[in-house]
Amino acid sequence: MPKGAPTHQPPTARHDQHARIKEDRRRGTPTQRGYTSQWARASKQFLREHPLCQCPACDEGRRRVRAASVVDHRIPHRGDGQLFWDTSNWQALHKRCHDRKTAREVNARRHTAHERN
Ligand SMILES: [Zn+2]
């Protein structure tokens, strides 16, 4: 094993869950953040109308089109009810595309947050 090369060990499932619980405490539970049963119904309806992933990569055909399974807010609502319920701020995303976007957002938050539209 060469010295100085950092080895990245995948976090164990236990660590993962721990991080999630911590994150929930910090941001509030999903329900506290607005993800109510009303949201569940509305987002389900939205996915019926937008069955395919609308992320730029899928939308521009750079990737094989994926079926959408989550509704995402284009502009992070951060608890803003108006942004939260503004359907023009919604986009249907494939779960994996959504995770990528979330990871990017978390990264971007450390620099200046710049949304594309
Ligand atoms: Zn996508």
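I began with the strands: β1 (residues 70–73) and β2 run antiparallel, joined by four bridges. Two strands count as paired if DSSP finds at least two bridges between them. Across this pair, Val-71 stands opposite Ala-92 in β2.

I noted the ground rules next. The model is predicted: local features need pLDDT of at least 70, side-chain atom pairs count only at pLDDT 80 or more, and totals for chains, interfaces and linings use all residues. Residues are numbered from 1 along each chain as its sequence is written.

I then listed the elements. The protein chain has five helices and two strands. These are DSSP runs numbered from the N terminus: helices are H or I with at least four residues, strands E with at least two. Their order from the N terminus is α-α-α-β-α-β-α.

I checked burial in β2. Trp-90 and Ala-92 point one way, Gln-91 and Leu-93 the other, and all are buried. Buried means 20 or more other C-beta atoms, placed from the backbone, within 10 Å of the residue's own. Of the 117 residues of the protein chain, 10% are buried. In helix α2 the count of buried residues is zero among 13.

I looked up the largest nonpolar core, which has nine residues, including Cys-53, Ala-68, Val-71 and Cys-97. Such a core joins buried Ala, Val, Leu, Ile, Met, Phe, Trp, Tyr and Cys residues through C-beta atoms within 7 Å. Strand β2 (residues 90–93) gives the largest share of this core, three residues.

Last, I traced Ala-92. Beyond its neighbours within four places in sequence, Ala-92 has contacts (C-beta atoms, placed from the backbone, within 7 Å) with residues including Phe-46, His-50, Ala-68 and Val-71.

Terms used:
Buried ≥ 20, exposed ≤ 12 C-beta atoms within 10 Å, placed from the backbone. Contact = placed C-beta atoms within 7 Å.
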